[in-house]
Amino acid sequence: MKNIDRSRIKELMVREERQFVKEHPKSKALFKRAKACLLAGVPMNWMVRWAGPYPIFAKEGQGTFITDVDGNRYLDLCLGDTGSMFGHSPKAVVDAVKKQITKGITMMLPSEESIWVGEELGRRFGLPYWQIAMTATDANRFSIRLAREVTRRRKILVVSGCYHGTVDESLIALENGRVVPRSGNIGPPVDPEVTTKAVEFNDLPALEKALAPGDVACVLAEPAMTNRGIILPDPGYHDALRALTRRYGSLLIIDETHTICCGIGGYTREYGLKPDIITMGKPLASGVPVAAYGISQYVSDRVMARILDEGTDESGLGGTLTGNALAVAAMRATLEKVITQKAFDKMMPLAERFEKGVDDIIRAYQVPWNVTRLGVRIEYHFMPRPPRNGAEADAAKDSELEKLMHLMALNRGILLTPFHNMALISPFTTRADVDRHTEVFEESVMRLVK
Ligand SMILES: Cc1ncc(COP(=O)(O)O)c(C=O)c1O
């Protein structure tokens, strides 16, 4: 195994930042102006987390490319961190939105299309009843409420290193066996030990120990972790997770927001999972804010009376704009014409090609890294073997190296997801795009090895 030359990282960073500044004068000017009116100079705080001394300002996204205000064109492998994973502004969705927007945006009435959406989600994911939400965060929050209502228990259980959106209960870290607020968690409402139990992913004995007292309303989990890089479940993990949640009377909520990358019915359909509740959001309407959660007959039977109650407008579920006609129309068009089997048939071989390209470079240059793929999502980790849980992934995190690799990619026309080394293949991605990434990846590795 070869080592990365740490002194080269700093040297290259200076050179790459200089190039970035030279090529992004308009973004620089806009950022200066934005800092006077937007907190941190961006409409949403994560947008400052891209590689480079300041964010690039987008002008346009089409298919799998983004153009910035300086006229630079990027192959987008981040794809809105899954929000636009099936491509920017797909025509079918643009057409559906244009049509609906002239016929009422939000009317607080169901539209017929919502039935099509509910039926289709049921066919794909196997749960009978669906509700619309605005974001995946909301879908998770509402599902946790349902689980608490059904079980009359207060606590939830998540895996350490998970991300389920800005759900208070899940913004936790596991430190020496204690649940504490995650370092970035701003203004946690209560000590998270009051609301949350946490275990490492793939740790079944710890899971059983946490569920055994019978005080956990639900386990909220991604079927494979995607927010600490990709972390796959051990063989048999899901059978055991389902058996243990049943044994101790906790509901199982599977968050498919990112794992929709496995196929049209997510990981659940690919691997035959049987959760009580499924949540998802992000790409469901190609980036138009909409999300969904599906529930089993068992859950439905136990919450229906409360859903029909007089006070349901103050139930804590949904919001005024939730399920609006525009969002539902965009979702129907996305499910019908964009997130299709045909699209996956095209994307999957390209994802395999991407994985192989990266793997070949890792082997050729003997760097102690690995690459993992989950459907059409690919991730490289700076460690020799794939991590088994969040703690292992965190231990291998190398922010300095990651930032440089991202900046080198950006300066060569490729956008990778901030926070980790994740790439998504969209139906618009081509072989040439995949090979361009492999080329850029090779150039970065070649410059970094001792
Ligand atoms: C697995 C998972 N669930 C839920 C969410 C929350 O999505 P949103 O921020 O759109 O609410 C995220 C966001 O990254 C996620 O990764």
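Helices (H or I, at least four residues) and strands (E, at least two) are DSSP runs, numbered from the N terminus. The model in these views is predicted.

**Arg152 sits in a loop with a positive phi.** The loop that holds Arg152 runs between helix H5 (136-151) and strand S5 (155-159). Although Arg152 is not a glycine, its phi is positive, at about 60°. The residue counts as exposed, since its relative accessibility is 63%, and the cut-off for that class is over 50%.

**Asp81 is a loop residue with a positive phi.** Asp81 is found in the loop between strand S3 (73-76) and helix H3 (91-101), and its phi, near 45°, is positive in a residue other than glycine. Its relative accessibility of 18% means that Asp81 counts as buried, given that the class takes in values under 20%.

**Cysteines of the model form zero disulfides.** A search of the whole structure finds zero disulfides. Cys78 takes part in none, and the nearest cysteine sulfur, which belongs to Cys261, is 14 Å away. Cys78 is also buried, at a relative accessible area of 3%. For Cys261, the closest cysteine sulfur is that of Cys262, and the 4.4 Å between them is too far for a bond, because a disulfide requires a pair of cysteine sulfur atoms within 2.5 Å. Cys261 is likewise buried, with a relative accessible area of 0%.

**His238 is placed in helix H7.** Helix H7 covers residues 237-247, and His238 is part of this helix. His238 is buried, its relative accessible area being 12%. When neighbours within four places in sequence are left aside, the residues in contact with His238 are Pro223, Pro233, Ile254, Tyr267 and Leu273.

**Ile278 is a buried residue of strand S11.** Strand S11 comprises residues 277-280 and includes Ile278, whose relative accessible area of 0% makes it buried. Not counting residues up to four places away in sequence, Ile278 touches the aromatic residues Phe125, Trp130 and Tyr293, among others. Its other partners under this rule include Leu127, Ile254, Glu256, Thr268, Ala292 and Gly294.

**The whole protein gives the setting for the close-up views.** The protein has 14 helices and 16 strands in its secondary structure, and its C-alpha trace spans about 65 × 55 × 45 Å along the principal axes. A compact globule of 450 residues would have a radius of gyration near 22 Å, and the value for this protein, 22 Å, agrees. Of these 450 residues, 55% count as buried, and of the contacts between residues at least 6 apart in sequence, 73% join residues at least 24 apart. The accessible surface comes to about 20,400 Å², with 54% of that area belonging to carbon and sulfur atoms. There are 59 positive and 55 negative side chains in the protein, and the centres of the two sets lie 3 Å apart.

Note on methods:
Residues numbered from 1 in each chain as written. Predicted model: local features only at pLDDT ≥ 70, side-chain atom pairs only at ≥ 80, totals over all residues. Heavy atoms only, no water. Buried < 20%, exposed > 50% of the residue type's maximum accessible area, 1.4 Å probe, protein only. Rg over C-alpha atoms; globule rule 2.2 N^0.38 Å. Contact = heavy atoms within 4.5 Å. Areas by Shrake-Rupley, 256 points an atom, 1.4 Å probe, with all protein chains shown as cover. Lys, Arg positive; Asp, Glu negative; His and termini not counted. Charge placed at Lys NZ, Arg CZ, Asp CG, Glu CD.
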